[in-house]
Amino acid sequence: MSHKIISKKQLSENVFTAEIGARFVAEAARPGQFVIISVNAEFGERIPLTIAAFDRQKGTISLIWQRVGKTTAQLADMKVGDELAAVTGPLGNPAHIEKFGTVVCVGGGIGNAPLLPITRELKKAGNTIITILGARSKDLLILEDEFAKISDELIVTTDDGSYGRKALVTEPLKQVCQRAPKPDQAFAIGPAVMMKFCCEVTKEFNVPTQVSLNTIMVDGTGMCGGCRIEYDGKPKFVCVDGPEFDGHKVNFDLMIKRLNAYKNQEEKAYEHYKKHGCKIGLDKKDTDKEIKK
Amino acid sequence: MVAEKEEEKLLKHLLDKQKRGELTAAERYEILPQQMPQQAPAERVHNVSEVALGFTETQARLEAMRCLQCKNAPCIKGCPVQIRIKDFVTATAEGDFKKALNIIKENSLLPAVCGRVCPQETQCQLECTVGKKFRDTGMAVSIGRLERFVADNAETEDSVPAVAAATGMKVAVIGSGPGSIVAATDTRRAGHDVTIFEAFHKLGGVMVYGIPEFRLPKSIVQKEIDTLIKMGVKIIPNFVVGKTRTIEQLMNKDGYDAVFIGVGAGLPKFMDIEGESLVGVYSANEYLTRTNLMKAYQFGSGADTPIARSRKVAVIGGGNVALDAARAALRIGAEKVYLVYRRAEEQMPARVEEIQHAKEEGIEFHLLASPKRIIGDENLHVKAIECLRYELGEPDESGRRRPISIEGSEFQIDVDTVIVAIGSIANPLIRKTTPNLEFNKWGNIVVDENCKTSMEGVYAGGDIVTGSATVILAMGQGRIAAAAINEYLKRKIRTKNKN
């Protein structure tokens, strides 16, 4: 099975997208699902990435990722024609889509990527879509045009006010919740801390809220339990029970701590990679190519 | 050197006597059990290389001379796949290791694996007359070590099984653990077009993600995978049956005529106690997958998968997986590792040899104790476990005396990592996507004596059928299922030709 990079684009300073050959995954994928990828079969780490789009005819999937550590940096350094060592999936359950009525979709940073296919399906199902997109600054905002096409109303916020409203997403979210009638359903996808505060807002107004979680995983099939969260006081596995959950029942504080479990090690590995360039950790074949160039 | 010469002399003397028909049982009893060389504990906790190094040739033959050649060969009844133990041991004593290996291979495809990981003391060696004579299973003939010796020393490049002429029938084997390897080999032998689907990026199942290198070197498993490839078995990694494709799709769309499901045990069990999701709490599955499959012990010097840099670790459980996790933690650099088990040592399901090795390596056992809660610090990171002491009551349904907690017996152990190794439950991925397949109430697949499931053409074996069990049992079922699949496909071909 070949997992060649068909095309690749930089969306912002640290956010990239690529179309990757993955025939089996494309055939089975549905919005809300994810894949586990690895860039090096022998020593690579396995990381989950949401399927941002898929094309069954072409047999490709699109991934959007943020360069935050070694593996995502390696992926960003790969070129069209390079091959990923593994693309496994589609994993997790598809997003729960139905006609709710008015749905407010909140995306933060890289969370816009997994939010887009879900919003698209919600629109198709006949919902009125209010989208709120947040980013730290204008340069980091992604997929605005794509959301504009499918939203009945689009609100953009930036932390620094360089674009749209100078606010956090929770501010317009609160205002939307205050409207009469209030939205029937909310979806919030983004950094854990953003989802946490969005859920606090929607809980106050009793607006059911789905979140999509991206915890640390190894196998992605339920075997290791590394991705588990505390949900309604009980452990749940994000990979097989999720990734979508009722956000009002998720213990975000614990989840945030678990997400940071390897922070020091990950930072060191990333620093080392940045210093020593992209040859380290790549397959020998790739290293040879680099050298020949 | 001197000792070795002595041993050689002794062996020659015994063989001569045997040849003359003069070797008595009493003399066989006098031969001391051979001690398998192993890495010194202080040294081995700093590396991941294999602990047990295997018998020398003289040792193996001397150990084999201890066998009484019992007419009724009780050892064979103790073996889940009925290897002709007596005969392979005789061949080993005679120095004909090739013959010994061929005898084993009639019933077991993976002797190098089983010789290392089978719980011999509860199987063949439990039944051994020599052990019974001394009223000590530890004195039984070391059948497992002999199996290992023969596999390590007599295996040659040409031992790739022959493949019959192509039948045009397609077999899908799901998973690549011991059951699947055997099922794939035996169905391929019959000339079918066999494809293995594996969810991970590497093949071998529990033998590569679970059992650590220091107990079962990956190269041994890889050799078995290479043999499959040489036989023409196709391999598709990174393919999750139940997600990427369902079993029905494999059969109806992709044209597989038969399926073997050997997906293993699945989901880790947790204890359902306070603090189990704190940072620093692992399932043994996760801990071992990170260390073995993902090589986290090389993090920073090649491998990219991190693992907790633990100082003090508590492992909960008393099986092989618990001991593997405890010993892996030592090798990653933990200063202190505790094993917390709610029953007594005699009731630990782990192999005796592994318990001994763990003790030699300095793992501290807290027996008759079990965690009540895991305590976290302000960063939600594990800082201690609180345990209760237990005593043994009346035997339960497993026949073992039931552990009962003692009220008010709480005590704390300061640790920064907790590894939960109390077993697994069946993974629901296939159950959720295969409505026509019958499962029992624990989520295990229901099969008949031929490992046939409720779906036509679908067979299953190993932990997904039995619940967490052993490599040898999975292998045995792989063989039974393969024979049934071969029969089924024979009928299918006949029907096809008639029409």
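In what order do the five strands of the open sheet in chain B run? Keep that in mind as we walk through this predicted model; the tour starts with chain A and ends at the sheet.

**Stop 1: chain A as a whole.** Along the principal axes, its C-alpha atoms fill a box of roughly 65 × 40 × 40 Å. Buried residues account for 53% of the 293 in this chain. Among contacts in chain A with a separation of 6 or more, 65% link residues 24 or more positions apart.

**Stop 2: two domains.** Now colour 5-93 plus 263-285 of chain A as domain 1, and 102-259 as domain 2. Their C-alpha centres lie 22 Å apart. Where they touch, domain 1 of chain A brings 19 residues and domain 2 of chain A brings 20. On the domain 1 side, β1 (5-12), β3 (34-38), β4 (47-55), β5 (60-66) and β6 (86-91) of chain A each supply at least two residues. Highlight β4(A), which gives the most to that side with four residues. By type, the domain 1 side divides into ten nonpolar, seven polar and two charged residues.

**Stop 3: where chain A meets chain B.** Bring chain B into view: 40 residues of chain A are in contact with 35 of chain B. Elements giving two or more residues to the chain A side include α1 (23-28), α2 (70-77) and α9 (263-276) of chain A. The chain A side comprises 20 nonpolar, eleven polar and nine charged residues.

**Stop 4: the sheet in chain B.** Back to the opening question: the order is β6-β14-β7-β8-β9 (chain B), with parallel pairing. At the edges sit β6 (281-283) and β9 (364-367) of chain B, each pairing on one side only. On average, neighbouring strands are turned by 20 degrees against each other, direction ignored. Zoom in on β8 (336-341) of chain B, which four bridges join to β9(B). There, Y341(B) stands opposite L367(B).

**Stop 5: helices on the sheet.** Select α16 (284-293) of chain B, which packs on the sheet and touches β6 and β14 (417-420) of chain B. Its direction makes about 85 degrees with that of β6(B). Finish with α17 (320-332) of chain B, lying across β7 (312-316), β8 and β14 of chain B. Helix α17(B) runs at about 170 degrees to β8(B).

Notes:
Residues are numbered from 1 along each chain as its sequence is written. Chains are lettered from A and ligands numbered from 1 in the order in which they are written. This is a predicted model: local features need pLDDT of at least 70, side-chain atom pairs count only at pLDDT 80 or more; totals for chains, interfaces and linings use all residues. Domain bounds come from an automatic or database domain assignment. Two residues are in contact if their C-beta atoms, placed from the backbone, lie within 7 Å. Ala, Val, Leu, Ile, Met, Phe, Trp, Tyr, Cys and Pro count as nonpolar, Asp, Glu, Lys and Arg as charged, and the others, Gly among them, as polar. A residue is buried if 20 or more other C-beta atoms lie within 10 Å of its own, exposed if 12 or fewer, and partly exposed in between; C-beta atoms are placed from the backbone. Two strands pair if DSSP finds at least two bridges between them. Axes are lines fitted to C-alpha atoms, for helices over the stretch in contact, and angles run from 0 to 180 degrees between N-to-C directions.
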